[in-house]
Amino acid sequence: MDISNNNMSNRTKGILCIIASALGFAMMSTFVKLSGNLPVFQKTFFRNSISFLFALIMVLKQKESLFGKKENRKLLLLRATTGTLGVLFNFYAISKLVLSDANMLNQLSSFFAIILSAIFLKEKVSMNQFISIIVAFIGALFIIRPTFNMDILPALIGVSGAICAASSYTCLRALGKKEKGATIVFIFSLFSLIVIFPLMLVTYKHMTLLQLSYLILAGVSATIGQFGITFAYKYAPAKEISIFNYTNIVFATIMSIFLFHTIPDEFSIIGYFIIFSAALYMFMYNKKLDKINI
């Protein structure tokens, strides 16, 4: 299907792009898990190397600034730091949990972003948003299933990844249109490579050609996901299309079953349903607000 088709509405284009993004990120998670028992620093370094190359090409092609405006650099650095931690934590969770569980915990970032935007950007949180956050947290408990031993650690790290991702999104929201997307991605990728490189050398494990191929494919898939979500929000506002990002869990579940022969248990499925219901509620609530404000 040609996304540039003039007969297609912008909302439809946005939906197709965000579904493509969800598939890209689900494939990234799959390739990361297929790469096996490699150190998380090694996985992250090779994943972000691909994003770095794409961002560098785009910045040079568009003749944009490599390091952004001076007044924005602290915020760009904070975004890079939280983004790097988010990827590290997410990759650790992917390696230890059922793929769809790790991806669903990462989806909690949209709810954490509401909280962080309220604290740091002074954005008002409505009662409906507050309720959706509580409901999503309850859903997360079904996936995490709190215990008093170390078995809970991968799930908690997965949630930490979602918090870091939400922090990164909050920084992006604060930046607004002050910096170009390619510049932001370039700084994030460069920062992560510089920070992770010495850690990767210390923990490095020999890779087979197949493992290296998986990590390169993870980087390509992540780039597809990033471009997909960027174009999605260019065509349509988040309020209209963000719910379709949850197709990521459908893709991840299918890949878990066919590639890893793992099926989410009944508690995880209940958690998926609760979190998705909270997201659907917010989606319908935001659409209702749009009609009122017209």
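Q: How do the residues lining the second largest pocket divide by class in this predicted model?
A: In this predicted model, the lining of the second largest pocket has 14 nonpolar residues, with no polar and no charged ones. The residues nearest the pocket centre are L108, F112, F137, A140 and V159.

Q: Which elements give two or more residues to the lining of the second largest pocket, and which gives the most?
A: The most come from α6, which supplies seven.

Q: How much space lies in the second largest pocket?
A: The volume of the second largest pocket is about 210 Å³.

Q: What makes up the secondary structure of the protein?
A: The protein has 12 helices and zero strands. Read from the N terminus, its elements therefore run α-α-α-α-α-α-α-α-α-α-α-α.

Q: Why is the protein called as compact as a globular protein of its length?
A: The radius of gyration is 19 Å, and the globule rule gives 19 Å for 294 residues. The two values are close, so the protein is as compact as a globular protein of that length. Along the principal axes, the C-alpha atoms fill a box of roughly 60 × 50 × 40 Å.

Q: What share of the residues counts as buried, and what share of the exposed area comes from carbon and sulfur atoms?
A: Of the 294 residues, 47% count as buried. The protein exposes about 15,500 Å², of which carbon and sulfur atoms supply 70%.

Q: What share of the contacts with a separation of 6 or more joins residues 24 or more positions apart?
A: Such pairs account for 87% of those contacts.

Q: Why is A80 called buried?
A: Buried means under 20% relative accessible area. A80 has a relative accessible area of 0%, so A80 is buried. Its place is in helix α3.

Q: Which residues does A80 touch, leaving out those up to four places away in sequence?
A: A80 touches I187, F188 and F191. Its C-alpha atom is separated by 8.7 Å from that of L190, 110 residues apart along the chain.

Q: Why is R11 called partly exposed?
A: Partly exposed lies between the 20% limit for buried and the 50% limit for exposed. R11 is at 32% relative accessibility, so R11 counts as partly exposed. This residue is found in helix α1 (residues 10-34). R11 and N128 are 117 residues apart in sequence and 25 Å apart in space, C-alpha to C-alpha.

Q: What makes the phi of K63 worth a note?
A: Most residues other than glycine have a negative phi. The phi of K63 is near 55°, a positive value in a residue other than glycine. K63 lies in the loop between α2 (40-62) and α3 (73-96).

Q: How do you know that K63 is exposed?
A: Exposed means over 50% relative accessible area. K63 has 76%, so K63 is exposed.

Q: Where is H261 found, and what is its phi?
A: H261 is found in the loop between α11 (247-260) and α12 (266-293). Its phi is positive, about 55°, although H261 is not a glycine.

Q: Why does H261 count as exposed?
A: The cut-off for exposed is over 50%. H261 is at 68% relative accessibility, so H261 counts as exposed.

Key:
Residues are numbered from 1 along each chain as its sequence is written. This is a predicted model: local features need pLDDT of at least 70, side-chain atom pairs count only at pLDDT 80 or more; totals for chains, interfaces and linings use all residues. Side-chain values use heavy atoms; hydrogens and water are left out. On a 1 Å grid over the protein atoms alone, a cavity is a set of points where a 1.4 Å probe fits but cannot get out, and a pocket is an open set with protein on both sides within 12 Å along at least five of seven lines; lining residues have an atom within 4 Å of a point. Grid points are joined across faces, edges and corners, and a volume is the space filled by probe spheres set on the points. Helices (H or I, at least four residues) and strands (E, at least two) are DSSP runs, numbered from the N terminus. Ala, Val, Leu, Ile, Met, Phe, Trp, Tyr, Cys and Pro count as nonpolar, Asp, Glu, Lys and Arg as charged, and the others, Gly among them, as polar. The radius of gyration is taken over C-alpha atoms; the globule rule is 2.2 Å times the number of residues to the power 0.38. Buried means under 20% relative accessible area, exposed over 50%, partly exposed in between (1.4 Å probe, protein chains only). Contact means heavy atoms within 4.5 Å. Accessible areas come from the Shrake-Rupley method with a 1.4 Å probe; for residues, only the protein chains shown count as cover.
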